[in-house]
Amino acid sequence: MSLARAGIVTPLVGPMCSHTLSMPPPAMPGVAARVSHDRHLGVFVGDSRPESVAAVKAALQAKFEDKAQILTRLTIITDPQIRFQLLKCCVSTRPGFWLRTMSPSLTSDPAEWFDTRVRGSLSEICSTPLTDLAWDIATLPCSLGGCGLTSAVYTRNAAHYASWAASWHNITRMFPAAVTITHASLDTCALPFARGLRTAHRATEASCTALTDNLHQHPLPPLAPKNASIPAPTELSTRFPTAQKRFAAIAQGARWLGAFHRATQPHRACMLSQCQQGANFAFNAVPSQAHGAMLPMSFVTACQLRLRLPLSLLQGITTCVCGAAVDCYGDHCLSCRHLQTHRTPWHNLVEHAAAGMARHARYHVSHDSRRPRATSAVYSPHYCPDFSLLHGSSGGTHVLVDVTCPSVVTRTIVPASSHTPSAAATAAAASKLGVYGNVQPHVVLPFVVEHAGALGKEAMGFFKECRKKVPNELSDRDAARSTWSSWGFSNFYLQSFSVANLKGQGHFFASASAILRARGGVRLIG
Ligand SMILES: [Zn+2]
C-alpha cells in the first residue's frame, strides 16, 4: 500500500498504544507528514486540536483547488451549451465525495470557495453576473425548475447527515466490538464525528421545518417532497438506504420555497411554470446535432430567461414600437401584440415536436395549416387547426390540435399565474376553445406550452395518452437521435418540447431586438 495514498494501521504495544496521532515514533516512515492529519480512502482525518483542524481544512482546500483546475480549461470551449453541460455534470459535482464524508465545520470554507468558482464560470456562460437569486435557481434540480448545477454549500449538510443515516446501522453491526458508541448516545457524544453529525442534522432538520411550516403559504412544485421528515441522530439504529435522495429533496424543496418567497411577482409566475413536469428538461439535454443542440445565442437567452437575468439581446433598448418602455427581462416583448407575428417560428418549433410525437404514437396527422385549402374546413368551419389527428378521438372523430405558447408574465395574467400553477395555460386553452366554437362531434385539443415551460392540462394529457400507446418506447429513428440524456419516450419528448420552446424564444428575442433597434427604440450607450 502506498504511504502517500492511505493511512497505515500499525499494531502498537505498551506506552505507544495511544489514540493520538503524535505518538508513533517520529522516525517511522510517513509519521512526520501525518501528525496533524491523515488521509483514509481519500478522506482527510484529524482530531480536535486547532492545528489538526487547520491542517485538515488546508488539505481539503488544496484538493478542491486541484478539482477546480478544470474550470480554467473549460474556457477553451466556445459553445455555451456544451460548456454548461460540462460545468453541470463534470465540475459542480466534484466535491460531493468529501461533502458526504467530512464534517460540515471542515467543509464550510472550501465549499464556499468552490461555489464561487462555479458561479463565476456560470456567469461567463450567461454573459452577465449572476444575482444571488439566479444562483439559487441555477443550483436547483431541473425537476424543480432549476438548471441542475450542484452547489457544494447548499448540499453539504444533507449529504453528510444522509451518509451517516445510510451507514450507521451497518457500521455498528459489522464492527460491534470496535464501535462502543450506541445510537442512543449520538445526541450527547463529544467526539468530533458526533458533533459534525449533529451539526449536519440540525441544518437538514431546519430545511425540513421550513418546508412543512410554509406548506400553506405558497404553492409547491409538484415534485417537492410530501410529508417530509428527518430522523434524529438517536433514531439511526434503523438503516435509511434512500437517505441521500430523500434528504437532498427536502433541502432542495426548502430552497425552492425560499427563492419563491424572495422573487418578484412576474418572477414567481416564471418559477411556478418552470417547476412543472418537464419544463426545464432543456437543461438536461446533452447537445447532439440531431437532438437538443441550440444556437449559442439561443442557449444564452434561455439561461437568462430561466434565471431571470437581463437579456443581452435587449441591452440598450428602451422603447418598444408601441411606445411602451421595454424592460430588460423581456416581459413587455412577450406581451406586446406588435411583436406577435415574430412568434411564428417559435410556435412552429413546438408544433413540429407535438406532431412528431403524435405520428410516433401512430396517429394519422394531417397538417391543415400548411395546406392552401385545408380539408379541416369541412369539420372546423371557424378556425384552421395547426394539425388534425384524423379519426384520432376515442369516438373515432377528428381531433383538432392547436398549438399555442402563452406568456405567464403579461400584465393581465400575472396576478393569477404568480400563485396558481398553469393559470396562463388554462386561460389560453379556454380562449382557443372559444375561437373554434362548436365542432361536435369532433374534438379541439389546445396544445398549450407556457413560455416558462409548463405544459397545459390538455397537452400533458395528450402526452400521457401517446406514451401509453407506445409503452414508453421510442421509434428506431428517434432512438438513433436521442442521447443518454433522453432515453425513453417521456424524456425524449418532454426534452423536445422544452428545447423547442427555448429555441423558439431565442429566435423570438433575436427578431424582436432587431426590429426594435431598426425602429430606433434604442438608447445609445457610451
Ligand atoms: Zn410594445
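Residues are numbered from 1 along each chain as its sequence is written, and side-chain values use heavy atoms, with hydrogens and water left out. Because the model is predicted, local features need pLDDT of at least 70 and side-chain atom pairs count only at pLDDT 80 or more, whereas totals for chains, interfaces and linings use all residues.

The zinc ion is coordinated at 2.1 to 2.3 Å by Cys320 (SG), Cys322 (SG), His332 (NE2) and Cys336 (SG), donors being N, O and S atoms within 2.8 Å of the metal (3.2 Å for Na, K and Ca). Along the chain these donors follow the spacing C-x1-C-x9-H-x3-C. The four donor atoms subtend angles of 99 to 118 degrees around the zinc ion, and the arrangement is therefore tetrahedral (four donors, all angles between 85 and 135 degrees). His332 and Cys336 are both buried (under 20% relative accessible area with a 1.4 Å probe, protein chains only).

Strands (DSSP runs of E, at least two residues) and helices (H or I, at least four) are numbered from the N terminus, and two strands pair if DSSP finds at least two bridges between them. Strand β3 (residues 364-366) runs antiparallel to strand β4 (residues 387-390), to which three bridges join it, and Ser366 stands opposite Ser388 in β4. Over three bridges, β4 also pairs in the antiparallel sense with strand β5 (residues 399-404), where Val399 stands opposite Leu389.

Of its 31 residues, 22 are buried, so α17 is largely enclosed by the rest of the structure.

Notes
Buried < 20%, exposed > 50% of the residue type's maximum accessible area, 1.4 Å probe, protein only. Tetrahedral: all angles 85-135°; square planar, octahedral: opposite > 155°, others 65-115°.
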